[in-house]
Amino acid sequence: MPRQRLLLSKAQFMERTLYLGYATRYSLTGPPWMEYLRGVIDYPGRKKIVLAGRQVGKSAMCAGEACAEIVCEDDFTVLYGTVDNNKLKNFTNQKLDPMVTNSPLIRRHFLSGKTVKDNVTDKRFSNGSMIMVRNAKLEQNLRSPSTDSLKLDEIQDMLADNVYIGVKSMFTSPHKLVALYGTPRSFQNIIQGYFDQSTQNEWMIPCEACTEVKSTGGTTAQTRHWNRIGPRNVTASGLVCARCGSPIDVRRGEWVRMFEGMEYEGFRVPEPLSPFTDFSELMAELENPLIPEGQKMNEIFGLSWDTADRWLTETELREACEPRPEDRFPLRLYGSHAEMPPEVQGLVRNQYVVAGCDWSLNLEGGAETVIFICLLDLRNNLVPVFAERIPKNLSWDEQVGYIGARLREFQVNLFAGDVGAAGNRNVQIAEALGRNKVVQIEWGAGKIVREKFRNDVRVLNINRTMAFSDLKTDLVTKGEIRLPLWEDFSRYAQDFLVVTVEEDRLGRLKYDHPVKSHDDAVHALIYANIARKIVLGVPVHHLVANAEEEQ
């Protein structure tokens with residue numbers, strides 16, 4: 001007998017079937033009252049983004065949506081990604097597991113059978129559906145799973161490239177549900193970039209005291225002042241109208257769409273909407289001069305604040321392109337080895353030559369494969385002599401053939417390429433050049449030396465933050481990277497100029513770039529600089545991460 005489908009919205013289904021604990025049913029009507037989440041849950045489209053303050057019910061909503069999706073659809077896969085292993089475990093242990101084990105519908109009908117699997121990172125149910133919980137800072141965790149619903153939490157601390165890859169990796173699914181959640185940081189942060197592509201819904205609350213009756217041409221209309229919640233609405237006793245100061249009731253609010261026809265449906269959910277808000281404590285926090293203003297705007301009101309700085313300025317790049325008194329010839333980018341003057345060809349024959357390549361999956365669009373081939377001058381500075389963005393219409397094999405020919409032409413001693421988007425291209429390069437001339441780079445976040453092999457080709461797990469910091473030090477402070485003349489280098493400069501740096505809550509630096517911009521050339525030069533240090537025997541232990549920490 002075919003399964004009967006109930007005509008319920010997703011929020012109604014969650015309220016009727018899901019439990020937060022042994023006797024606590026999931027509810028939006030209260031207590032506690034959280035009706036503002038109903039519009040977020042029941043949005044019927046495929047893509048949504050939520051800018052959230054604290055204590056607004058985001059995590060429980062996310063777990064509930066995942067449970068509803070796997071119950072209502074057979075062979076359906078949900079991928080929940082967050083930014084570190086601690087948050088991953090907390091989400092599973094505090095939100096997902098209690099909901100799965102305490103909800104009678106799931107416990108009775110979906111947790112029995114040989115195919116059922118239940119651990120911290122993987123939950124497979126008897127109808128073939130799955131919930132996978134992953135560390136989304138690792139690119140490979142977003143590329144490999146076959147996913148129908150992608151839920152990325154804390155995206156403000158993720159890399160723009162990883163979010164983009166996660167969204168694009170769902171191309172085989174007929175569902176392609178995408179939900180992005182997080183707390184804003186700077187205007188350059190990834191979460192603001194995605195919110196800018198959204199409808200930017202606001203929970204607008206009317207003020208009954210500001211009601212006016214207007215008559216025009218025999219028609220009478222009643223107007224009220226509607227409040228978009230911000231600092232002027234908060235007092236120690238609760239929410240007030242920003243215009244007249246009268247109390248306003250969050251339960252009388254409604255979602256108002258600011259823009260139409262956008263890619264994402266966006267929702268801002270500030271903390272003062274939450275029934276758990278202690279307004280006296282919140283007011284004390286707002287008046288505390290020791291708490292940065294940006295942190296208040298981010299975490300309380302879900303608003304971005306301009307805190308990010310540019311990693312490199314155009315002035316710094318131009319200065320790195322300026323000739324030095326000791327130069328015997330101008331530094332240029334050449335189209336081929338034959339184009340180089342005899343002096344440069346002599347350096348190629350007698351000095352180390354290294355290369356860095358940032359591979360791109362061009363079928364995903366956007367990013368491009370970029371290669372830098374660099375010689376080491378007489379002072380062992382890194383000097384790019386060849387650079388190219390590989391045309392997107394080239395297949396993987398054609399890319400390998402073209403780049404391999406350039407590596408042989410310039411007599412490259414060591415090639416460094418990223419693992420993430422490479423597929424088997426680094427292995428093919430190794431087969432052509434020799435495995436001792438290839439090193440693969442994999443981004444990580446730890447600080448312990450870790451070297452491994454993949455397909456018999458060496459892999460270094462590199463601390464991404466340290467690698468970015470190291471490149472700027474070598475380029476700006478030490479002057480160990482000599483860029484070509486600006487007229488040659490300028491076509492790659494934008495990749496460097498879009499990179500921003502900001503601190504997270506723990507004071508850790510994060511380098512990223514805004515949505516719809518690309519930093520492919522930066523990665524290629526970082527890889528070439530790592531290759532320089534390897535051939536010179538310069539220690540790189542401060543760059544090498546512990547791969548096991550990030551699995």
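Select helix 11 (residues 314–321) and helix 16 (residues 486–497), which pack at an angle of about 145° with their axes 10 Å apart. Helices are DSSP runs (H or I, at least four residues) numbered from the N terminus, and axes are lines fitted to C-alpha atoms over the stretch in contact, with angles from 0 to 180 degrees between N-to-C directions. This is a predicted model, where local features need pLDDT of at least 70 and side-chain atom pairs count only at pLDDT 80 or more, while totals for chains, interfaces and linings use all residues. Residues are numbered from 1 along each chain as its sequence is written, and side-chain values use heavy atoms, leaving out hydrogens and water.

Show the side chains of E314, L317, R318 and C321 in helix 11; they meet W486, F489, A493, F496 and L497 of helix 16. Contact means heavy atoms within 4.5 Å.

Next, select helix 15 (residues 464–477) and helix 17 (residues 520–536), whose axes are 10 Å apart at an angle of about 80°. The two helices are therefore roughly perpendicular (65 to 115 degrees). Among the residues that meet here are F468 and L471 of helix 15 and L525 and I526 of helix 17.

Now select Y26 and Y36. Of the 60 residues in the largest nonpolar core, these two touch the most other members. Such a core is a set of buried Ala, Val, Leu, Ile, Met, Phe, Trp, Tyr and Cys residues joined through side-chain atoms within 4.5 Å; buried means under 20% relative accessible area (1.4 Å probe, protein chains only). Helix 3 (residues 58–72) gives the largest share, nine residues.

Finish at F372, W486, V499 and I530, which are among the 45 residues of another core, apart from that one.

Technical notes
Buried < 20%, exposed > 50% of the residue type's maximum accessible area, 1.4 Å probe, protein only. Parallel < 35°, antiparallel > 145°, perpendicular 65-115°, else oblique.
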